[in-house]
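Thank you all for coming.

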Amino acid sequence: MPRKLIILIMSFDLKGKIMVKSIFRRRLAFHLLRIALLFSATVLFLRIWQLATDQAQAAAAINQAGFFRCSSQRLVKQELADQKNEELKSFISDMISQIHSEEGVSQFPVISKDDYRDLVDELKLVWDRLSGDIERFNKKDATGDDEKMLIDDSESYFKLSDDLVNRLQIYSESLSERIKTYLSLLFGILVFLVILAFFELLLTSRQIKELGSLAFRDGLTGLQNRYAADRYMMALGGASSNHIGAAIFDLNNLKAVNDRFGHGAGDDLIRRFAEVLARFNDPHVFISRNGGDEFLLIAKKKNETEFRRLLTSIDDALRRENDNNPDETAISYAVGSAFGGGSVYMLVHEADCRMYAQKQDQKRDNAFSAPIEAAD
């Protein structure tokens, strides 16, 4: 699991946790698919290796079959010319025996077809007969019939051995076609693995970015959250500025709404308040929900008059929200603000203290709405 994902999980709301589970499920699916593809690639590679070995044996067998096919003709010609070659005859006889028994250094690859075995058996019989013909022809009392039989059996042996060579060539070609097919499949799997890795990297990168966004986003209101506020103030560097204003908003009577109408009604009140605040969010105005019913506003690149006008506009918008929704719970809040000198942390602290003081005054006066406090 990427380390960054582990860090982000600590700040996720329910939506973020659901996304994390979705990512883990996708990653598991990717891993299972990758394992299946790698297993298939391994099987194909081993199969190609075996086929290549069989093809090498088939090529050697073709060479051997072609050799003793031609050698038999040479042997017969030498016999007819009264040039005995016992060494060549013994060599061919040994090779035929090895092919037939599938033993020895000259054995052919095993082709599991009955017609192939029948052909080898028949070739062995013809060779035995041809060897006998050679023996009879070498005797002093050999006749013309013995010579004719020798020539006929030699032709039969040549045709059978030629047929065997053709069968082996067909077998070798079939192996080549299968190797090409398996190589194509293997190449396809490898290409798919590369595409899968790239797609997984792209998807994970995008999801981490989304999770990073969720980590700094409040799930209920969609506003920035406390982590985002801390990061924003850290980005400002805590440096002193004469053009930064901070305001802390706190809803009134949320506990009473929750107790009387349920937490769903309380959540709806928070959402309505956040929706109004969100209308004033821009590149120079940062708004976040700091938790519960407390909200933070930080404005930069504004003078004090512009900052106070912004707070008045928010108050007017909240009043219109109440007027336009008379059947909904009225939005009542306390607000504290500070502008100008000191670091942004000091300004936020000062605004928080003033909000708390106003809230205490509202409780004493039993008021359910509050005007924007005047500039200091």
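Let me begin with Leu 185, which is partly exposed, with a relative accessible area of 45%, where buried means under 20% relative accessible area, exposed over 50% and partly exposed in between, with a 1.4 Å probe and protein chains only. Please keep in mind that this is a predicted model, in which local features need pLDDT of at least 70 and side-chain atom pairs count only at pLDDT 80 or more, while totals for chains, interfaces and linings use all residues. Residues are numbered from 1 along each chain as its sequence is written, and side-chain values use heavy atoms, with hydrogens and water left out.

Leu 185 lies in helix α5, and here helices (H or I, at least four residues) and strands (E, at least two) are DSSP runs, numbered from the N terminus. In sequence Leu 185 and Ala 41 are 144 residues apart, yet their C-alpha atoms are 8.3 Å apart in space.

Helix α5 spans residues 144–215 and also holds Ser 172. Is Ser 172 buried or exposed? Ser 172 is buried, with a relative accessible area of 12%, and, leaving aside residues up to four places away in sequence, it touches Gln 55, Ala 58 and Ile 62, a contact being heavy atoms within 4.5 Å.

Turning to the surface, Lys 21, Arg 25, Arg 26 and Arg 206 gather in a patch of positive charge. Patches are made of residues with over 30% relative accessible area and no salt bridge, like charges being joined within 9 Å and nonpolar side chains (Val, Leu, Ile, Met, Phe, Trp, Tyr) within 5 Å. A salt bridge is a side-chain nitrogen of Lys or Arg within 4 Å of a carboxyl oxygen of Asp or Glu. Helix α2, residues 14–80, gives the most to the positive patch, with 3 residues. Lys 21 lies in helix α2 and is exposed, with a relative accessible area of 53%.

Leu 28 is also found in helix α2, and together with Leu 32 and Ile 35 it forms a nonpolar patch on the surface, with about 310 Å² of accessible area.

Finally, the whole protein has 10 helices and 4 strands, and buried residues make up 41% of its 376 residues. Among contacts with a separation of 6 or more, 73% come from residues 24 or more positions apart.

Note on methods:
Areas by Shrake-Rupley, 256 points an atom, 1.4 Å probe, with all protein chains shown as cover. Lys, Arg positive; Asp, Glu negative; His and termini not counted. Charge placed at Lys NZ, Arg CZ, Asp CG, Glu CD.
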